[in-house]
Every structure is written in structure tokens, then in C-alpha cells.
Amino acid sequence: MAAKVHPNVAAAPQPPCITTTSIVSQQQEEEEPPVVLTVWRKSLLFNCHGFTVFDAKGNLAFRLDCYDSTSSRRADLVLMDAAGKPLLTIRRKRMSLSDSWIIYDGDGAATATATPLLSVRRRRVGLRASKSKAIAHVTPLSSSLPLPEAYVVEGSYGRRSCAVRDARGDTVAEVRRKESVGDDVFRLVAQPRLGAPLAMAIVIAIDEMFRGGSSLLRRTCSA
């Protein structure tokens with residue numbers, strides 16, 4: 001199974017011709033390729049649940065490890081890097097009429113002054129039929145983010161086919177089905193303007209919204 005989870009190692013693209021002009025350097029930054037990740041809805045730790053995320057070379061990129069517990073002392077979901085350093089915290093917004101989640105910088109449970117970065121809110125389905133393909137809305141909460149506008153998540157997460165789009169319809173992150181490995185393994189393509197950690201945090205929030213009765217919030221997360 002592990003061999004199927006890891007993406008194939010593609011040949012590295014040839015770098016463009018490098019000159020000493022700042023214009024060419026700026027163009028290279030603007031043409032930075034997207035990050036392609038393989039997401040496995042499983043923890044590598046024994047008796048744990050969560051996510052394990054690999055980069056395009058098959059190296060561990062991110063992890064989220066949760067172990068079964070009857071304690072509700074800690075309900076935060078903490079996205080960590082390969083070494084276990086907390087990167088982002090995904091927390092359900094309390095006392096909200098809609099299914100809303102807040103993404104915080106770092107380990108949100110470790111400090112009361114954690115900076116909220118994004119809000120992810122499930123679209124409310126009205127009684128009237130709608131042609132909208134939106135399943136959730138993403139709103140920036142911090143001026144430090146290079147995200148000047150709200151985003152929409154469209155498609156079907158259940159089919160592992162959805163995308164985060166800006167107001168112009170441009171895709172900043174996309175979930176794609178990975179062939180022959182089932183629903184628990186899929187690809188995540190993140191554009192540089194959003195970044196891989198935030199893209200993965202949005203996916204975790206979406207997964208919590210649409211996974212049904214097996215929410216990770218019924219478990220205690222290990223940092």
C-alpha cells in the first residue's frame with residue numbers, strides 16, 4: 001500500500017536560463033510551479049488516526065496524528081511538519097449557526113493569542129434549488145496573508161474532485177483523485193500564492209465538514 005501512496009518521482013524540469021537582470025528573476029518567481037502532494041487519510045503512528053502527506057519525491061511533508069480518547073480536553077487539529085513542529089491549527093468555531101472552522105498560525109492551543117489566518121465555512125443549502133457548485137467559502141482573517149479576497153471551494157470532496165478558486169475563477173488549490181488506491185489517498189495541488197500548508201489545512205477543514213460521523217474532533221490530537 002505504501003508504494004501506491006507515494007507519488008511517482010518525476011524527472012526534475014530543466015531550470016530556465018539565468019541572467020543577472022532583475023526582470024528575469026522576477027519572472028522566475030512568478031512562474032514558480034505548484035506543489036503536488038499525495039495525501040493519505042491515515043496516521044503512520046500505531047493506533048492513531050489523521051493524515052500523512054508526502055511530497056513529489058515521496059518524502060514526508062506534513063502529518064496530523066490523533067489517537068482515540070474519551071477526553072475532550074483538546075479538540076484542536078494541529079497540522080505538523082515532518083519533524084513534528086506545529087504549523088497550523090484547525091479549530092471548529094463554537095456557537096456558530098453554520099459549520100465554520102478557523103485556521104490559526106502555529107499551535108493554537110499553546111497560546112491564547114494565536115493569530116487567526118483563515119475562516120472556512122460550509123455553504124448553507126437552502127430550500128430553493130441552486131446552480132452553485134460551491135461547497136464552502138474561505139475568508140482571509142489576517143492582513144499578513146497575501147490573500148486579498150475571499151475564495152470559494154467548488155466541486156465534490158466526496159468524489160475527491162474539488163478546487164479552491166478566487167473571484168476570477170482561477171484555481172489556487174485542487175483535490176484530485178489518485179487512481180487505483182481508493183478514497184483515502186488523493187492528490188493535492190497547491191499554487192504558490194496560497195502555499196501547501198494552508199491548502200492542506202483547508203482540506204482538513206473540508207474533510208471534517210463532509211466526513212460524516214467519524215470526525216477527528218472526537219479524538220485527542222498529539223503534537
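## Around Ala82

Ala82 sits in the loop between β4 and β5, where strands are DSSP runs of E with at least two residues and helices are runs of H or I with at least four, numbered from the N terminus. This is a predicted model, so local features need pLDDT of at least 70 and side-chain atom pairs count only at pLDDT 80 or more, while totals for chains, interfaces and linings use all residues. Residues are numbered from 1 along each chain as its sequence is written, and side-chain values use heavy atoms, leaving out hydrogens and water.

With a relative accessible area of 37%, Ala82 counts as partly exposed; the scale here is buried under 20%, exposed over 50% and partly exposed in between, using a 1.4 Å probe and protein chains only. Setting aside neighbours within four places in sequence, Ala82 is in contact with Leu60, Ala61 and Arg63 (contact means heavy atoms within 4.5 Å). Asn59 is 23 residues away from Ala82 in sequence, yet their C-alphas are 8.7 Å apart.

Strand β4 (residues 77-81) runs antiparallel to β5 (residues 86-92), and 4 bridges join them; a pairing requires at least two DSSP bridges between the strands. Met80 has Pro86 in β5 as its bridge partner. The two strands make a hairpin with 4 residues between them, and Gly84 in that turn has a positive phi of about 95 degrees.

On to the next pairing: β5 and β6 (residues 100-105) are also antiparallel, with 5 bridges.

Arg41 is placed in the loop between β1 (35-40) and β2 (48-54). Its side chain makes a polar contact of 2.6 Å with that of Asp184 and another of 2.9 Å with that of Asp207. For this label, a pair of N or O atoms must lie within 3.5 Å; within protein, one must be able to donate a hydrogen and the other to accept it, and residues adjacent in sequence count only if both atoms are side-chain atoms. Not counting residues up to four places away in sequence, Arg41 also touches others, including Gly50, Phe51, Tyr157 and Arg211.

Helix α3 (residues 196-210) has 15 residues and reaches 21 Å from its first C-alpha to its last, close to the expected 21 Å; that expectation is 1.5 Å times one less than the number of residues. Of those 15 residues, 13 are buried, so α3 is largely enclosed by the rest of the structure.

## Salt bridges

The count comes to 13 salt bridges, taking a side-chain nitrogen of Lys or Arg within 4 Å of a carboxyl oxygen of Asp or Glu. One of them joins Glu149 and Arg193 at 3.9 Å, N to O. Glu149 lies in the loop between β8 (134-140) and β9 (151-156), and Arg193 in the loop between β12 (185-190) and α3, so this pair ties together parts that are 44 residues apart in sequence. Glu149 is buried at 19%, whereas Arg193 is partly exposed at 32%.

Arg92 and Asp99 form another salt bridge, at 3.5 Å. Arg92 is partly exposed at 44%, and Asp99 is buried at 15%.

## Confidence

Mean pLDDT for the protein chain is 79, and 72% of its residues reach 70 or more; pLDDT is the predictor's confidence in each residue, from 0 to 100. Values stay under 50 over residues 8-13, with 3 contacts beyond four places in sequence, and over residues 17-29, with 5 such contacts.
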